[in-house]
Amino acid sequence: MTDTNDRTPSVFVHPTADVESGAQVGDGTKVWHLAHVRSSARIGAGCVIGRNVYVDAGVSVGDLVKIQNNVSVYQGVTIEDEVFVGPCAVFTNDFRPRAQNPDWTITPTLVRRGASIGANATLVCGITVGEYAMIAAGSVVTKDVQPYQLVAGNPARPKGWVDEKGEVVSRDVDNPPHRG
């Protein structure tokens, strides 16, 4: 893990990106055009942070994560290893957003290892996305997603089950396949 004040050659930060002092960026990670990584954010090794991505203070991103262009990852979000976040996805962190609210609190969101989040998906705060789950493009996720579950729609609803490669293995939404 490299503090941004002491970058090693194995971390690439595009000249137009803003990685604030105090942010930690792992070896082999690439931070592309116009991305903004706030202080106290932690990004693991081997990640790709796409164009115009915003990673807020206190956010934790695991190793081998790919965050595509125009994604906003707000304070309170934890993304584990090997997660894919598609273009223009958004994570929220406030159930009752107001321009002026001195009492607001951050509501955390957790994305478990290997999950995939489709383009333009919105994840409403306070949820957990299970390991290797798949969220379809354009979905609005308001509830927890089980491990290996495929969800789609607004609001997102179960549509089946996937394997670690993302292949649909069952459309029986009530009975996940046996793993073993």
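Tutor: Start with the open sheet, which has 10 strands with mixed pairing in the order E2-E5-E8-E11-E14-E17-E20-E22-E23-E24. A strand here is a DSSP run of E of at least two residues, numbered from the N terminus, and two strands pair if DSSP finds at least two bridges between them. Strand E2 (12-13) and strand E24 (168-170) stand at the edges with a single partner strand each, so one side of each has no neighbour in the sheet.

This is a predicted model, in which local features need pLDDT of at least 70 and side-chain atom pairs count only at pLDDT 80 or more, while totals for chains, interfaces and linings use all residues. Residues are numbered from 1 along each chain as its sequence is written, and side-chain values use heavy atoms, leaving out hydrogens and water.

Within the sheet, strand E11 (residues 66-67) pairs with strand E14 (residues 84-85) in the parallel sense over 2 bridges. Ile-67 stands opposite Val-85 in E14.

Now the rings. Rings of Phe, Tyr and Trp (its six-membered ring) pair if their centres lie within 6.5 Å; planes under 30 degrees apart count as stacked, over 60 as edge-to-face and the rest as tilted. By this rule there are 3 aromatic pairs. One of them is the tilted pair of Tyr-54 and Tyr-74, at 5.8 Å centre to centre with 50° between the planes. Tyr-54 belongs to strand E9 (residues 54-55) and Tyr-74 to the loop between strand E12 (72-73) and strand E13 (77-79), so the pair ties together parts 20 residues apart in sequence. Tyr-74 has a relative accessible area of 29%, which is partly exposed; buried means under 20%, exposed over 50%, and partly exposed in between (1.4 Å probe, protein chains only).

Tyr-132 and Tyr-148 form a stacked pair, 5.5 Å centre to centre and 25° between the planes. Tyr-132 lies in the loop between strand E19 (128-129) and strand E20 (134-135), and Tyr-148 in the loop between strand E21 (140-141) and strand E22 (149-152), so this pair ties together parts 16 residues apart in sequence. Tyr-132 is buried at 13% relative accessible area, and Tyr-148 is buried at 12%.

Val-173 is partly exposed, at 31% relative accessibility. Leaving aside neighbours within four places in sequence, Val-173 is in contact (heavy atoms within 4.5 Å) with Pro-158, Lys-159, Gly-160 and Trp-161. The C-alpha atoms of Val-173 and Gln-149 are separated by 8.3 Å, and these residues are 24 residues apart along the chain.

Note on methods
Helices (H or I, at least four residues) and strands (E, at least two) are DSSP runs, numbered from the N terminus.
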